[in-house]
Amino acid sequence: MNYKCLDDLKTFLSSSYPEIKTGEWDIVPETCPPEMDGDITVNCFRFAKTFRKSPDEIAQKSLEFLLSHPDVEKAEKIKAFVNVTIKGGALHRDTVGKFCLIMESCNVPESQRKRVLVEFSAPNTNKPQHLGHVRNNTIGMSLASLMKRVGHHVFRINLVNDRGIHICKSMIAYQRFGNGCTPESTGKKGDHLVGDFYVKFDGELRKQLKDLKDQNPELKEKTDEELFLQTEIGRAAQEMLLKWEAGDSETIDLWKKMNSWVFAGFEETYKRMGIEFEHTYLESQTYLLGKTLVEENLKKGIFLKRDDGAVFIDLEDMKLGKKVLLRSDGTSVYITQDLGTTLLKYRDYSPDIQIWVVGDEQIHHFKTLFAVLKKMGFPWAENLHHLSYGMVNLPTGKMKSREGTVVDADDLFDEMVSLAKSAAMERVGEGKIPEDIDRRSEIIGIGAIKFNLLKFNPKTTIMFDPQASIKFEGDTGPYVQYACARINSIGRKAKEAGILIQTEVNWNLASSREEKELSVRIMQYPDVLKMAASKMDSSTVSEYLLDLAKSFNRFYREHSILNSDNDELKKTRIALCFRTRDVLADGLRTLTIDVPEAM
RNA sequence: GCGCCCGUAGCUCAAUUGGAUAGAGCGUCUGGCUACGGACCAGAAGGUUAGGGGUUCAAAUCCCUUCGGGCGUACCA
């Protein structure tokens, strides 16, 4: 959908240049810079190429046409930009006047709708989640939500890393230092309890490594990894892994018990963040899948066997070198497992597109994974995407669990929610504490964290400043939520005053710059969503919501709504407010951020 | 060493994918409630887009180069 005058302009230009096919170009209205005079801008540079005429000539022609159009109040041409001021009534008629149409056109056409599988989170069951996981979860969840919002069929998948040497480390430490404690006996959340034993293991390992090096100076140059199996506790962990793989019942029982604690803890964290999955795969059940693939592809000659028995694939032609897929001892490596699970996911969901939300340090891994799958001849391997996101750093530097500088997810949530609560209490004053204060604070606190992570392009490494994030002013989630709350408040007041809310109002009355700006912004919403979905970048949506909320606050400050000069104008402005609120709320929900009724 | 990514206002980040005089928030400074909610609004200061060269009507964006950072480069996950 577009402004009528621009639709007409397109028809006019098409008939002026009949040799150009209409499907090859489009007129997309752009926002007019604030210092310029106009509601929207037509940038003729963009499509002049198609006509093989000078941008200036096209702009001149467009200007003349627009000046004679009944909807246009005035228009001016600067270089190849045509700034158009549309008459208030006509502008609103084409935008907020067709509000249902705007909301409907957020969906991509039926033919472009895909089955999209989004894998994210993928936690390890040996420690609680931290800020880095929160970014992953938030990006994954909002990406899935965004894809769904524009009409795709989405499956959210989690693949929990619940086996391996790191789990055994926690188990060994628990056996030695746990004294049979449980989440109940300690009052600790399960994932935190298990994480504490992981830390204990690390402490003990460090001690043994130091002793080892002190007693054997010749080992000084060796890395901790190289010496791992030379420590007593390292060997114990390795033995436990072998026992686990052999199905030793005592080991399996302990593993099951500790994992169940972690899962219960994760469940709580996920629930608080609003994270859900259509399905959760467990690596303990999938890690052997890739091995069967190896035999088949060896026969086909796609994979090759080395003299020592290791299996590899040659990716030299794709500049990715040679990649080992099976160790010489016959065990599988990381990428082998990923081959297996990718096929499993394909078999279970037959997606058109698979997306992995995984940190950018694994870019190379996914390049090879996709290359191998292409070599294996799967046509769908063309539609695999690694949505790589950057790390989260702190003002003090990188987060390092060993140095205890990680920001724990649960702690962060608690802190933000309690800050939101005290901020809310301060505002309402003594003796007027609303009943739903806790729910409200939860929505605002969690919303602030999510928005703060989603306002950045996923690709960029970001700095998370806890001090700055506790503020609810400026470029934040609460700022957007606040605009909604204000409008809700107006709605309540209007209802009390007995004002009937109408869908048909006289848009001619809303002719101020602020009202038109709001309307123009609302019109952009479907394109913003679709652009964000195609870029797989939710920050496009956050930026837009901030702009829309800003436009609203400007309008709100400049014009009285419930005290408008007459009833007709009052109703028009209320309608404009409600449509604004609906877009803000829809956008926030698309980012998986809740909207409080009041703040 | 090689490969990929990045360098934008004091700080944190944008820039409609090559388009107007590079924009927001925070911080600093100055103003604004007899009002529908001040988690707000208006204004000011702040930039040779790391440096240099090239491509064109037009470059933060594309190419080359220097410098400075990050991440990879496993029979780890």
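User: What average pLDDT does chain A have?
Analyst: This is a predicted model, and it scores ipTM 0.95 and pTM 0.95. In chain A, 99% of the residues score at least 70. The average pLDDT of chain A is 93.

User: How many helices and strands does the secondary structure of chain A come to?
Analyst: The C-alpha trace of chain A spans about 90 × 70 × 45 Å along its principal axes. Of the 599 residues, 54% count as buried. The secondary structure comes to 23 helices and 14 strands.

User: Among contacts in chain A between residues at least 6 apart in sequence, what percentage join residues at least 24 apart?
Analyst: The count takes in contacts between residues at least 6 apart in sequence. Within that set, the share joining residues at least 24 apart is 74%.

User: How many of the residues of strand 11 are buried?
Analyst: I353, I355, V357 and G359 point one way from strand 11, while Q354, W356 and V358 point the other way. Both groups are buried, and strand 11 (residues 353-359) is therefore largely enclosed by the rest of the structure. The number of buried residues is seven of the seven.

User: In which sense, parallel or antiparallel, does strand 11 pair with strand 5 and with strand 12?
Analyst: Strands of a sheet pair through backbone hydrogen bonds, and the pairing can take either sense. Strand 5 (residues 115-119) is joined to strand 11 over four bridges, with L117 having Q354 as its bridge partner. Strand 12 (residues 384-389) is joined to strand 11 over six bridges, and W356 stands opposite H386. The sense is parallel with strand 5 and also with strand 12, again parallel.

User: What is the bridge partner of V311 in strand 10?
Analyst: Strand 9 (residues 311-314) and strand 10 run antiparallel and are joined by four bridges. Within strand 10, the bridge partner of V311 is L326.

User: Is M240 buried or exposed?
Analyst: M240 is placed in helix 11 (residues 232-246). Not counting residues up to four places away in sequence, M240 touches C168, M171, I172, Q175, T251 and L254. Its relative accessible area is 6%, and buried means under 20%. M240 is therefore buried.

User: How far apart in space are M240 and G340, C-alpha to C-alpha?
Analyst: In sequence, M240 and G340 are 100 residues apart. In space, C-alpha to C-alpha, the distance is 25 Å.

User: Which residue's side chain has a polar contact of 3.5 Å with the side chain of N43?
Analyst: N43 is in strand 2 (residues 40-43) and counts as buried because its relative accessibility is 8%. Leaving aside neighbours within four places in sequence, N43 is in contact with E30, A80 and F81. The side chain that makes the polar contact with N43 belongs to E30.

User: How far does a polar side-chain atom of R327 lie from a phosphate oxygen of RNA strand B?
Analyst: R327 is among the closest residues to RNA strand B, along with R306, K398, R427 and K535. A polar side-chain atom of S489 lies 2.8 Å from a phosphate oxygen of the RNA, and one of N43 lies 3.4 Å from a sugar or linking oxygen. For R327 and a phosphate oxygen, the distance is 2.2 Å.

User: Which element gives the most to the surface near RNA strand B?
Analyst: In total, 58 residues surround RNA strand B, and they divide into 23 nonpolar, 16 polar and 19 charged. Of the RNA atoms within 4 Å of the protein, 58% belong to sugar or phosphate and the rest to bases. With seven residues, the element that gives the most is helix 20.

Technical notes. Residues are numbered from 1 along each chain as its sequence is written. Chains are lettered from A and ligands numbered from 1 in the order in which they are written. This is a predicted model: local features need pLDDT of at least 70, side-chain atom pairs count only at pLDDT 80 or more; totals for chains, interfaces and linings use all residues. Side-chain values use heavy atoms; hydrogens and water are left out. Helices (H or I, at least four residues) and strands (E, at least two) are DSSP runs, numbered from the N terminus. Buried means under 20% relative accessible area, exposed over 50%, partly exposed in between (1.4 Å probe, protein chains only). A polar contact is a pair of N or O atoms within 3.5 Å; within protein, one must be able to donate a hydrogen and the other to accept it, and residues adjacent in sequence count only if both atoms are side-chain atoms. Contact means heavy atoms within 4.5 Å. pLDDT is the predictor's confidence in each residue, from 0 to 100. Two strands pair if DSSP finds at least two bridges between them. A residue is near a molecule or strand if one of its heavy atoms lies within 4 Å of it. Ala, Val, Leu, Ile, Met, Phe, Trp, Tyr, Cys and Pro count as nonpolar, Asp, Glu, Lys and Arg as charged, and the others, Gly among them, as polar.
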